[in-house]
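Please walk through this protein with the sequence and the coordinates side by side.

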Amino acid sequence: MGEDTLKPEEAGAVNAAAAALRRGALVGMPTETVYGLAGDAGNPEAVARIFAAKGRPRFNPLISHVASLDLATVEGQLDERAIALAERFWPGPLTLVVPVADSARTSELARAGLRSIGLRVPGHRLALALLRAFRGPVSAPSANPSGMLSPTRAEDVERDLGEQVELVLDGGECEKGIESSIVAVMPGEPPRLLRPGAISRARLEEEVGELAAAGSAAVTAPGQLASHYAPRAAVRLNATRVGVGEVLLGFGPAAEGAARNLSPSGDTVEAAANLYRMLRELDATTATTIAVSPVPETGLGEAINDRLRRAAAPREVRQGK
Ligand code: TXA
Ligand code: MG
């Protein structure tokens with residue numbers, strides 16, 4: 001569905017959101033992966049507001065979201081390999097990290113001073129409508145306080161960051177439910193998978209051949225910190241039974257006694273779409289620990305296990321459980 005098919009109330013909300021971005025205010029932006037905390041990438045004050053709202057370390061760069069491949073080439077230098085990936089997967093859950101272009105409108109602060117830039121054309125009709133109405137690049141990290149679970153519904157954003165945003169565009173529940181796959185395509189280097197995400201490694205590799213590991217040259221990204229995407233409850237992985245004080249997040253047909261099941265049929269796409277919502281739901285129970293059934297590494301399992309390992313990693317003690 002294109003921009004022209006927006007309902008009148010959606011068009012009104014999109015215009016209000018674009019106006020807010022122009023004023024330097026922040027808005028909650030639905031995408032097909034997770035909700036983003038959106039601000040004008042070209043306005044350092046708006047970008048600073050994003051970092052402050054999330055409590056995010058300043059050195060971590062933000063993804064610039066644009067409405068088209070053409071607009072992406074204003075921001076970054078896409079070589080043949082990057083263009084092939086963009087043409088195959090945009091609009092969609094792929095972020096390309098490429099050298100920044102001289103013509104870039106994205107501020108240095110949004111790029112955390114790097115000579116590279118993360119770019120994405122999201123595949124959600126309200127996000128595309130907003131980006132077209134606003135025209136410029138939009139910085140949008142996931143709309144969660146840094147380190148916590150990413151939001152997959154408008155009400156998640158309202159609850160966690162409602163005070164910090166002027167409005168949240170309600171685009172319903174995110175279809176993919178897990179963040180974009182990030183691929184760095186830098187000159188003289190093989191394409192690197194910086195973050196597994198909503199497009200499986202296998203599908204990406206069909207397009208560009210084997211992906212190299214993130215490598216030491218990769219920036220320290222928050223999603224790459226050991227503890228991230230964490231609920232308040234503790235998380236125990238590869239659980240085959242439920243212990244005292246635990247609640248089970250199952251996967252597949254054999255997960256008996258599961259309070260929630262990521263995918264009873266064992267489908268990793270379905271499991272990715274359910275991951276953050278179910279973790280939130282179980283985090284709202286009295287359980288002290290969320291035990292999670294083993295999830296295979298195949299398909300989107302690589303991205304799911306990446307997030308689960310970080311959710312389970314040792315972290316600083318938080319308030320509550
Ligand atoms: O699906 C998504 O990608 C969501 C939606 C809202 O688009 N956004 C998202 O943003 O997950 P965020 O900020 O939570 O994660 C972006 C990741 C971070 O790990 C950041 O460090 C990395 O992208 N990144 C951005 N620019 C980069 C660059 N120039 N080089 C390396 N990593 C970069
Ligand atoms: Mg995030």
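Helix H7 (201-208) and helix H9 each give at least two residues to the lining of the largest cavity, where helices (H or I, at least four residues) and strands (E, at least two) are DSSP runs numbered from the N terminus. The model is a predicted one, in which local features need pLDDT of at least 70, side-chain atom pairs count only at pLDDT 80 or more, and totals for chains, interfaces and linings use all residues. Residues are numbered from 1 along each chain as its sequence is written, chains are lettered from A and ligands numbered from 1 in the order in which they are written, and side-chain values use heavy atoms, with hydrogens and water left out.

The cavity has a volume of about 40 Å³, and a search of the whole structure finds one cavity of 30 Å³ or more. On a 1 Å grid over the protein atoms alone, a cavity is a set of points where a 1.4 Å probe fits but cannot get out, whereas a pocket is an open set with protein on both sides within 12 Å along at least five of seven lines; lining residues have an atom within 4 Å of a point. Grid points are joined across faces, edges and corners, and a volume is the space filled by probe spheres set on the points. The lining of the largest cavity consists of Leu193, Pro196, Gly197, Ile199, Ser200, Arg201, Leu204, Gly299, Leu300, Glu302 and Ala303. By class these are six nonpolar, three polar and two charged residues, with Ala, Val, Leu, Ile, Met, Phe, Trp, Tyr, Cys and Pro counted as nonpolar, Asp, Glu, Lys and Arg as charged, and the others, Gly among them, as polar.

The second largest pocket, with a volume of about 250 Å³, is lined by Pro145, Met148, Leu149, Arg159, Asp160, Ala230, Pro231, Arg232, Arg280, Asp283 and Ala284. Helix H6 (154-161) and helix H8 are the elements that give two or more residues to this lining, which divides into six nonpolar, no polar and five charged residues.

Turning to the fold as a whole, the protein has nine helices and 13 strands. Its radius of gyration, taken over C-alpha atoms, is 19 Å, close to the 20 Å that the globule rule gives for 321 residues, so the protein is as compact as a globular protein of that length; the rule is 2.2 Å times the number of residues to the power 0.38. Along its principal axes the C-alpha trace spans about 55 × 45 × 40 Å. Buried residues (under 20% relative accessible area, with exposed over 50% and partly exposed in between, for a 1.4 Å probe and protein chains only) make up 55% of the 321 residues.

What lies in the interior? A nonpolar core is a set of buried Ala, Val, Leu, Ile, Met, Phe, Trp, Tyr and Cys residues joined through side-chain atoms within 4.5 Å. The largest has 27 residues, of which Ile178, Leu249, Leu262, Ile290 and Ile304 touch the most other members. Strand E11 (246-250), helix H8 (268-283), strand E13 (289-292) and helix H9 (301-312) each supply at least two of its residues, and the largest share, seven residues, comes from H8.

Contact here means heavy atoms within 4.5 Å. Leaving out residues up to four places away in sequence, Ile178 touches Thr33, Val34, Gly197, Ala198, Ala272, Leu275, Tyr276, Ala303, Ile304 and Arg307. Val34 is found in the loop between strands E1 and E2 and, at 6% relative accessibility, counts as buried. With the neighbours up to four places away again set aside, the residues that Val34 touches include Cys174, Gly177, Ile178 and Tyr276.

Ala273, whose place is in helix H8, counts as buried at 17% relative accessibility, and beyond its neighbours within four places in sequence Ala273 is in contact with Glu173, Glu175, Lys176 and Gly177. By contrast, Glu163, in the loop between H6 and strand E7 (167-168), counts as exposed at 80% relative accessibility.

Helix H5 (residues 125-134) is mostly covered, with eight of its ten residues buried. These buried residues pack against helix H1 (8-22), strand E1 (27-29), strand E2 (36-40), strand E3 (63-65) and strand E6 (138-139). After H5 comes Arg135, whose phi is positive, near 80°.
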